[in-house]
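Let's take a walk through this structure together. Keep the sequence and the 3D view side by side as you read.

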Amino acid sequence: MNFQQLRSVREAVRCGFNLTEVAHTLHTSQPGVSRQIRELEEELGIELFVRAGKRLTGLTEPGGHVLPIIERMLMESTNLKHAGQEFVARQSGLLSVAATHSQARYALPVAVQEFRSQFPNVKLHLHQGSPKQIAQMLLSGEVDVGIATEALGDYPQLVALPCYRWTHSVVVPPGHPLLDAPLTLEALARYPLITYDTGFTGRTRIDKAFEDQGLAPNIVLTAMDADVIKTYVQLGMGVGIVAGIAYEAERDTQLRALDAGELFGINLTKLAVRRGNYLRGYVHAFIESFAPTLPRGVVEQALAADAPALIEI
């Protein structure tokens, strides 16, 4: 048994059982991949894949049972390398972080700046995506840390920890009628609204608030990016609903903001890592820089537990 055999099985599943794609991913040949899989099956005494001729079409029942073990073995081999690197080169390496646009644009810059000054020899890769895309990047091992408000807590393979609370703001041009009266859902529902795409930046809470009041808001435009939302508000296309951190009074001089926390509630941004993953010292340093409530001991305790304890913030 060898790691190339294990990687061949794992990538066959990840690539939808397309051995040509597996060969490309592992920088080998398709016959080589088939041979690695067959040799492992012979050693284990079971067939891992359902076949139609020479094509793989799915996992057998034994294959479905063995796959999580293979995933753990490969993860631990990576952890072993990282543990060695921790002592060989404490101040160098690579940190990959995935975040939504709002987090990358408004919440991360201070932490990134602090991290770069503390670890100048660590290469930092920032990826942006939807919360579900971020979760998939974590699950595949593409990134070390994921940050989002939605979705990350829905995956048992991830440890999602609370970072900070925030509320939405309603943004309008100066002189807008909403600035002259108490802000209510009924008042908002009278105007065309511009806000986040479904699944982004607390959109679930926005929809639920209107639904609970029996209101049907006129959402005329959605976007992933708060800057896009604010641009179209400035053009007079509607009233914007954005994350409170996305409004900057010094920069957004053509807009005014109203706190909408009482209307849409409090949101919780989470930071997630893959359960069982070994985190090097500089990863812990980045996490604590972004979320001071998550020092190394707290994160390691959460990673070791079957279910992370609730952390008050």
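Phe286 has a relative accessible area of 0%, so this residue is buried (under 20% relative accessible area; exposed is over 50%, partly exposed in between, with a 1.4 Å probe and protein chains only). This is a predicted model, where local features need pLDDT of at least 70, side-chain atom pairs count only at pLDDT 80 or more, and totals for chains, interfaces and linings use all residues. Residues are numbered from 1 along each chain as its sequence is written, and side-chain values use heavy atoms, leaving out hydrogens and water.

Now look for ring partners. The structure holds seven aromatic pairs (rings of Phe, Tyr and Trp, the last by its six-membered ring, with centres within 6.5 Å; planes under 30 degrees apart are stacked, over 60 edge-to-face, the rest tilted). Phe115 and Phe286 make an edge-to-face pair, because their planes stand at 90 degrees, with the ring centres 5.7 Å apart. Phe115 sits in helix H6 and Phe286 in helix H12, so their pair ties together parts 171 residues apart in sequence. (Helices are DSSP runs of H or I with at least four residues, strands are runs of E with at least two, and both are numbered from the N terminus.) Phe115 is buried as well, at 1% relative accessibility. Ring pairs link Phe115, Phe119, Tyr282 and Phe286 into a cluster.

Another pair is Phe210 with Phe264, which is tilted: the centres are 5.9 Å apart and the planes make 55 degrees. Phe210 belongs to helix H9 and Phe264 to helix H11, so this pair ties together parts 54 residues apart in sequence.
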